[in-house]
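Dear colleague,

Please find below the structure that I am handing over to you.

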Amino acid sequence: MTGAPATTGHRRHWVRLDNASNIFPAALSERDPKVFRMAAELDHEVDSALLQEALDETYARYPLYRAVLRRGVFWYYLQDSTLHPRVEPEREHTCAPIYRTDHRTLLFRVTHHGRRVNLETFHALSDGTGALWFLTDLLTAYVRRLDGRDGQGGREDPSADGGADHERTGSAAHPDPAPARAGTHPGAEAAEEVHELTTDSFAHYFRRRRGRDRAPSAEDEEGEFEREAAPAVLTVRDPEEPEEGALEADAPPPRPERGRVFHVRGPRTPDFRPRLVELTMPVGPVLALAKSEGVAMTMYLTAMFFEAIRRSAPSAEHAAMAASVPVNLRQFFPSTSARNFFATIRVAHRYRAGEDDAVGAVARALQEDFALEATPAALAQKLHRLIRVERLPVARVVPRPLKDVLLGLINHANNSSLTVAVSNLGRVTLPPEVEAHVGRMFFHVSAVRPQFCAISHAGQLTISFTSPFTAVDHVREYVRMLAEAGADVQVAVPKVTERELTWGAP
């Protein structure tokens with residue numbers, strides 16, 4: 001639903017939150033502020049002034065990112081604003097709260113520390129794909145200014161000619177590529193889309209009458225995506241995916257494990273900051289491990305996560321474990337909207353005595369679970385059902401505070417059914433002029449339970465674990481397994497506990 005209620009002097013656009021976003025303001029807490037971070041590591045110390053100029057340019061093309069979150073009688077809604085973002089040095093811990101009910105603020109922040117540029121986003125505004133588009137455009141604008149300043153053949157700084165207009169891509173002379181060609185997947189072309197506030201891809205695809213719904217194509221049904229949890233985010237495909245038919249095709253795939261699942265417990269971190277552990281390693285050997293088992297890397301890493309928890313917690317020896325894996329719907333339902341457009345799929349495994357519980361066997365079982373639901377038809381059916389519930393007349397008239405209570409209960413039930421959460425952005429390809437300046441990229445989220453996020457760039461895979469608990473036993477086991485498999489892993493652990501934070505203090 002969109003509209004433009006009158007305001008003093010001008011009309012402001014607003015849009016109701018989409019289907020996936022409704023849960024975030026209703027379920028956020030100090031411990032889980034529903035914030036995720038993407039970061040890029042440059043080959044030099046970040047120039048704050050240039051980054052601010054780049055942010056100004058990028059912000060102009062993302063009307064969506066000008067939005068603030070407002071509370072209505074029946075629904076939350078996004079409303080455009082005249083606020084302007086400022087680049088700041090990093091002062092808070094990662095994924096610190098952004099949205100507060102008593103503050104009218106933008107729903108993202110750009111910070112820098114050393115060589116890193118950080119983009120943090122409140123999840124009700126955008127998903128990983130939308131945020132990665134924003135970060136890519138921000139880095140592109142930054143590098144263009146950097147190269148122009150350094151006289152290395154880059155474009156001229158627009159401010160150098162007194163602010164004269166320059167012809168941007170996306171103009172008549174330099175039209176944008178078709179949506180299918182745009183993005184960050186290998187071979188993609190840079191797009192100069194203007195990411196509007198009002199576009200709702202859920203409504204576009206799943207609120208139509210049944211007869212007008214998009215029928216999945218034969219190509220969709222081939223199920224390339226079924227083999228790769230390309231998650232929250234990108235239309236990215238690992239170039240070394242296993243061949244079709246690598247899995248056993250004759251036996252019917254088992255249904256995901258239901259019932260009580262194992263939960264990691266332990267002392268919580270002070271002041272609600274997440275415990276973060278960053279792993280960096282060459283991506284090639286890890287891809288080779290997954291390929292050797294005939295599975296996608298996401299499922300292999302998830303099976304390793306289960307096994308690491310099992311090794312670190314004796315009570316998990318014969319437990320059931322479950323993970324949620326986000327699915328980027330743009331891969332099946334083309335959209336250039338930077339708003340949320342994803343669904344999640346739950347995969348699970350129960351460890352039993354006498355059965356093959358090797359990481360490879362568990363990964364294959366998880367992938368079969370995933371394949372059951374990662375089809376255009378299955379996803380469309382699921383989302384049609386959710387949209388119908390949201391549009392029921394009784395749901396429309398329930399006051400927002402009561403909706404918050406109900407959605408909070410749903411979120412709690414969902415959390416109770418999961419052991420961990422997983423998100424793999426896959427391989428990121430930046431514009432050529434940016435590639436030369438960017439090394440590792442990072443991706444992590446605030447967490448109400450142990451979670452890992454993976455992303456690869458420039459041949460380096462980073463896996464970021466976040467958790468509300470201080471203990472890192474399961475991460476230690478994870479690193480040990482990677483090392484035993486031949487991966488050269490580097491580990492970084494920011495200080496979290498009071499004791500750690502006081503180390504080195506005067």
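The notes below describe the sheets, the helices packed on them, the salt bridges and a surface patch.

This is a predicted model, in which local features need pLDDT of at least 70 and side-chain atom pairs count only at pLDDT 80 or more, while totals for chains, interfaces and linings use all residues. Residues are numbered from 1 along each chain as its sequence is written, and side-chain values use heavy atoms, with hydrogens and water left out.

Sheets and helices

Helices (H or I, at least four residues) and strands (E, at least two) are DSSP runs, numbered from the N terminus. Two strands are taken to pair if DSSP finds at least two bridges between them.

Nine bridges hold β10 (residues 320–328) and β11 in an antiparallel pair, with Ala320 opposite Arg350 in β11.

Strands β3 (residues 35–42) and β8 (residues 116–122) run antiparallel and are joined by seven bridges; Arg37 has Glu120 in β8 as its bridge partner.

Strands β4 (residues 68–71) and β5 (residues 76–79) pair in the antiparallel sense over four bridges and form a hairpin with four residues between them. Strand β2 (residues 14–16) also runs antiparallel to β5, joined by three bridges, and Val15 stands opposite Leu78 in β5.

Salt bridges

The structure holds 23 salt bridges, each defined as a side-chain nitrogen of Lys or Arg within 4 Å of a carboxyl oxygen of Asp or Glu. For exposure, buried means under 20% relative accessible area, exposed over 50%, and partly exposed in between (1.4 Å probe, protein chains only).

Glu57 forms a salt bridge with Arg145, their closest N and O atoms being 2.7 Å apart. This pair links distant parts of the chain, with Glu57 in helix α2 and Arg145 in helix α3 (residues 128–150), 88 residues apart. Glu57 is partly exposed, at 25% relative accessible area, whereas Arg145 counts as buried at 8%. Arg61 and Asp137 also meet in a salt bridge (3.1 Å, N to O), and both are buried.

Surface patch

Val73, Phe74, Val389, Leu392, Val394 and Val397 form a nonpolar patch on the surface, with about 550 Å² of accessible area together. Such patches are made of residues with over 30% relative accessible area and no salt bridge; like charges are joined within 9 Å, and nonpolar side chains (Val, Leu, Ile, Met, Phe, Trp, Tyr) within 5 Å. Accessible areas come from the Shrake-Rupley method with a 1.4 Å probe, and for residues only the protein chains shown count as cover. Val397 is found in helix α10 (residues 393–397) and counts as exposed because its relative accessibility is 55%.
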